[in-house]
Amino acid sequence: SMVRKPASYISSISDDRGEELKYCGVPISEVFQQEMGIGGALSLLWFRRRLPTECMRFIEMINVTADHGPVVSGAHNTIVTARAGKDLVSALCSGLPTIGPRFGG
């Protein structure tokens with residue numbers, strides 16, 4: 001019978017061989033110890049290096065902002081109003097009243 005070896009994956013940005021996952025050669029424990037956050041992990045994965053703190057925080061901000069997308073009521077109403085040819089103030093006025101406890105999911 002054939003015995004399978006455990007899979008070990010390695011790419012140019014991540015490596016799961018050994019005891020600890022590494023992103024671009026940086027152990028995942030170091031990402032947590034240095035409090036790099038999601039922005040730091042993504043900087044290692046996307047840019048293959050640790051970016052300056054300001055850049056990592058910017059990446060996190062974009063992720064939080066992008067998470068809401070156009071499917072929440074306020075964004076949807078604003079987009080529909082703007083597509084109807086209304087001015088910016090009118091579009092914002094249509095979206096703002098829908099902000100409530102369920103806004104953003």
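Me: In this predicted model, contact means that heavy atoms lie within 4.5 Å; which residues of H4 and H5 meet in that sense?

Reply: On the side of H4 they are Gly74, Asn77, Thr78, Thr81 and Ala82, and these meet Ser90, Ala91, Leu92, Ser94 and Gly95 in H5. By class, this contact has three nonpolar, seven polar and no charged residues.

Me: Why are H4 and H5 called roughly antiparallel to each other?

Reply: Helix H4 (residues 73-83) and helix H5 (residues 88-95) pack at an angle of about 150°, and their axes are 7 Å apart. Angles over 145 degrees count as roughly antiparallel, and therefore H4 and H5 are described in that way. The crossing of the two helices, H4 and H5, is right-handed.

Me: How do you know whether Asn63 is buried, exposed or partly exposed?

Reply: The relative accessible area of Asn63 is 29%, and because buried means under 20% and exposed means over 50%, Asn63 is partly exposed. This residue is found in helix H3 (residues 53-68), and, leaving aside neighbours within four places in sequence, Asn63 is in contact with Ile38 and Leu42. The C-alpha atoms of Asn63 and Ile38 are separated by 9.0 Å, although the two residues are 25 residues apart along the chain.

Me: What makes up the largest nonpolar core?

Reply: The core has 10 residues in all, namely Tyr23, Val26, Val31, Met36, Ala41, Leu42, Leu44, Leu51, Met56 and Ile59. Helix H2 (37-47) and H3 each supply at least two residues of this core, and the largest share, three residues, comes from H2.

How values were computed. Residues are numbered from 1 along each chain as its sequence is written. This is a predicted model: local features need pLDDT of at least 70, side-chain atom pairs count only at pLDDT 80 or more; totals for chains, interfaces and linings use all residues. Side-chain values use heavy atoms; hydrogens and water are left out. Helices (H or I, at least four residues) and strands (E, at least two) are DSSP runs, numbered from the N terminus. Buried means under 20% relative accessible area, exposed over 50%, partly exposed in between (1.4 Å probe, protein chains only). Contact means heavy atoms within 4.5 Å. A nonpolar core is a set of buried Ala, Val, Leu, Ile, Met, Phe, Trp, Tyr and Cys residues joined through side-chain atoms within 4.5 Å. Axes are lines fitted to C-alpha atoms, for helices over the stretch in contact, and angles run from 0 to 180 degrees between N-to-C directions. Angles under 35 degrees count as roughly parallel, over 145 as roughly antiparallel, 65 to 115 as roughly perpendicular and the rest as oblique. A crossing is left-handed if the near helix is turned anticlockwise from the far one by less than a right angle, and right-handed if clockwise. Ala, Val, Leu, Ile, Met, Phe, Trp, Tyr, Cys and Pro count as nonpolar, Asp, Glu, Lys and Arg as charged, and the others, Gly among them, as polar.
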